[in-house]
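Okay, thanks for coming, everyone. Let me put the model up and walk you through a few bits of it.

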Amino acid sequence: MSGNRVRVVVRTRPTNNFASENIEILEDGKKVIIHSNKQEFGHINNQVSDWSFPMDRVLHNASQDTVYNECVADIVDKALDGFNGTVMAYGQTGAGKTFTITGSTENFQERGMIPRALSHLYQTINSMMEHSVTIRISYMETYNEIISDLLDNQGDQPLIISEDDGMTVVKGLNVKVAHTEEEALNLLFEGETNRIIAEHALNRHSSRSHCVFTVHIESRSKTQSSSNYTLSKLNFVDLAGSERLGKTMSEGLTKQEAMYINKSLTFLEQVIIAVADKKREHVPFRQSKLTHVLKDSIGGNCNTVMIANIWGESSQLEETISTLRFGTRMMCVANEPIQNIHYDPVLLVKEYENEIKSLKMELAMHDTLANRSNISYEAYTEAQQFELQQAIRRYLSGVVQDIEIVNLRQVKEIFKQFKLIVLSQEKEIEARMVEKYNIDTAGDGSKDSRRGSEAEIGVGETDGSGFGLGVAPNAAKLDKAAVIETRKLKSRKATKESRVGSGNRRSQPQSPTAEEIPELPPPITPALSSIPPLHPPSSPPTKADAFEEFKRERGSEINRIFVENKKCLSEKKRCAKDLAGVVNSTKREIDSKKNSLEVKRSQRLAEEGDVADNVYDEEEFQLLAELKDLKKKYKDNHSELKSVQSDISYCQRLVEQARQRLVQEFDQWYVESFVQLGDQTRPSTTTAPLTAMAPSPSPQTTEDNQEKFERLQLELMMENPESIPYLNAKKKMEKKAIYQPKVPGKIKATMRNAPPTLMSTV
C-alpha cells in the first residue's frame, strides 16, 4: 500500500526537555503514542487523553544522513529513471523544517536534504556513461499569496499559475541549467539569500513563506538513436510553520504573515481531506497558490514523502498532536507514479521517414516477385497527372472502355482528376450561359449604372443596402502638402505648451514621481586628515584602534584562526609548486624514454628487417620497464598534485571565511560597545568593508594564531572530499552577500528584527 500512497516520516527536534512522559515512541519505530493529562473541572470529564498515530517511520534524534537515506535517496534514484518526486517538510514553527530541507551552512555534516540530493544526483550522473542528463533548477516562494522567483534579483512582477496538458506550470519562472554540482549549489544559496524570514518568540529565523526548490531532470540515451527521452521533476517543499499567535507574540506585519500562513495551511489540509475521500468529485486545489502549485504532488503522478517535524516538549504538545493528525490524513492520499516518457518530434519524423523508406523497399520487392516491376510508389509528377487526365477524358468520351487499375495510389489520383474535370466543366457551362442569355451576375444592372452616374456628382448611396454618407467629389479633397503643413504647426504648438506647462509644474509644490527625481550627488564629507586626531572624552575610539583592541581581547581566537589559515595556505601553495616541478620533470623523462625506445626499435628494424611487434631485445625491455615506472610515478604525483590543488581551493575559502567572520564579529562588537551607548557620535560615516580600513598587522602580532583552526577545518575537509562543491558554493554566496552592493529597484526579502550593523550597504 505504501508504494501507491504518500509516505509519512516523523522527525523529532532534539531537545533537552523531551516530554517522555507524554510522548511514547514504540520500539519498532512506526508508531507514536501521546498521553495527555486531563484537566480537572470538578465534574465528569470525557476528554480524550491518549492518541495513537501509526506512521511509516519515526526518527527520534536522527542525523541528517539518516533522514536522507530513509526518506530521499530512493526518490532521487527513481527521478533519474523518469518518475516525479516530492519531499515535503510540515510542522509547527521552530520544529526544524528548514533545517531538514536546507540544513545548516556552518557545518558540512549538517547540510540538508537538497545539498545531499544534488550531490547524489551528480555522482550518479557521472557514472551513467550511456546517458546524457541535463539538470535545470528553479526556486520559488509563496509569500502572502504572491508567488515570486527567488532566482530573479531584478524581477518585480508576481508570477501566475497555469495548467498545460494537465501539469501545473508557473509562467515566467526562471529555470536555469546547472552543469555541475557547484553551480546547482550556487543557485540554491542565491535563492536562500532572497527568502523572507523574521523573528518571533519561538524562532529567531522563522520562514515567512512557502518555498519550492525544483530540480528538472532530462535524460537521453547516447547509445540508442531513439526519439523518446525521460523528463522528470524533483520538488523540495519547505512549508512555513503553523503558528499560535498567543505563543509567538507576533505583532504588526509578522502577525499578518502568520495569518496568511495559517490560512494557506488550512486550505492544504482541506485539499488533503478531499483527495483522500474517494466519494468527492471536486478537489479545491485553486483555493490558494500553495495547493495549486502542489497539485501534481498531492494525489498525482508523483512519489511523495512528507517529513512531519515535531517539537517534543510538553509546552508544544497541542501542536505535536495537530502535526501527527495531519500526517495520518496525508497517509490516506493515493498517488499513481508513472514514468514520464516524451518524444522528440524531430527524431520522431526521422524514424517515420526511415520506416516509410523500408516499407517502400519491401513493397518493391513484393512487386518484383509478383512480376509487377513497372509499379512506382512515389508521388505523381505533372506529366503523369496530365497523362492520367487524358486517359480519363478518353474514358468519358467512350474512346476506351476501361482504365487499368494498378494500385491504391492510382485509384486516389483518378478520383482527384475526376474532381478537377467536373469543376472545370461546371465553370465552362456557367460562362456559356452568361454569354448566351446576357445574364447580369451582379443582380441589379440598373442600380450599377445609376450608382456610376451619381458618383460623379458626389451624392447617393455607395452600397446596395443600408445607410451611406456618399462619395466626396474630387474638389472637396484636401491637398497632401496642406495636410502635412497643418500637422507640423500642431506639433510645434503642442511642444511649446508642454514646455510652458512643465515650467509651471516646477513652481508648484508637487511630489515628483520616481522617474522625475534626479540622482542626488554623493554627500561631501571631510577628509580623514582634516579630522582632529584627539577626540573628546565622550567620543568612541577610531575603528583602527578599536580593531586592534578587538583582536587582542574578544576577537583573539578568530584572529588566531585567520593567521593559521594563511600559514596553511602558504604551505599548500609551496607544496603544489614542488609537486608541479616533479610532475613536469617526470613528463620530460617519459618523453625522452619514448624517443630512445623508438630510435632503438628503428635501428633493430633496419638491421634485422621485419620484426614482430611483441619481440624485444634486452635493452628495449629495460627501456620499457623504466618507462612503466616513470608513468606510475607520474600518475601518483599528478594525483597528489590534484589533491593539493583541491586543498588550496578549500584553504582559500577558509581564509576568506575567517576574514569575513572577523569583520562581522568586530562590526557587531563595535556597535554593541560604542554606537549603542546613548548620545555618543559615530567616529566614521563610511560603510565600506572593514578590510579596506583595517591597518596592517603590527610586528607584534603573532602570525600563527589562526593555524590551529585552519588545520582542524582542513582535516574535516580531507575526511569528506565530496564537500568541496558545497563549501565553494557557500563561499561564493557569503562573498556575494557581503561585498556585492545592492542595486536600486525592487526591495528583495530581508530579515526583519535583525541587529544593527555598520557593514550593511545602502
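So, how do S14 and strand S15 (residues 228-238) pair, and over how many bridges? They pair in the antiparallel sense, over nine bridges. Two strands count as paired if DSSP finds at least two bridges between them. Strands here are DSSP runs (E, at least two residues), helices are H or I runs of at least four, and both are numbered from the N terminus.

Quick caveat: this is a predicted model, where local features need pLDDT of at least 70, side-chain atom pairs count only at pLDDT 80 or more, and totals for chains, interfaces and linings use all residues. Residues are numbered from 1 along each chain as its sequence is written, and side-chain values use heavy atoms, leaving out hydrogens and water.

Back to S14. Val212 stands opposite Val237 in S15. Strand S7 (residues 131-143) also pairs with S14, antiparallel again, over 12 bridges, and there Thr134 has Glu218 as its bridge partner. S14 (residues 210-221) has 10 of its 12 residues buried, so the rest of the structure largely encloses it. Buried means under 20% relative accessible area, with exposed over 50% and partly exposed in between (1.4 Å probe, protein chains only).

Now the other sheet I wanted to show. It's open, with three strands in the order S2-S3-S4, paired antiparallel. Strand S2 (23-25) and strand S4 (50-54) are at the edges with a single partner strand each, so one side of each has no neighbour in the sheet. Strand S3 (residues 31-35) pairs with S4 over five bridges, and Ile34 stands opposite Trp51.
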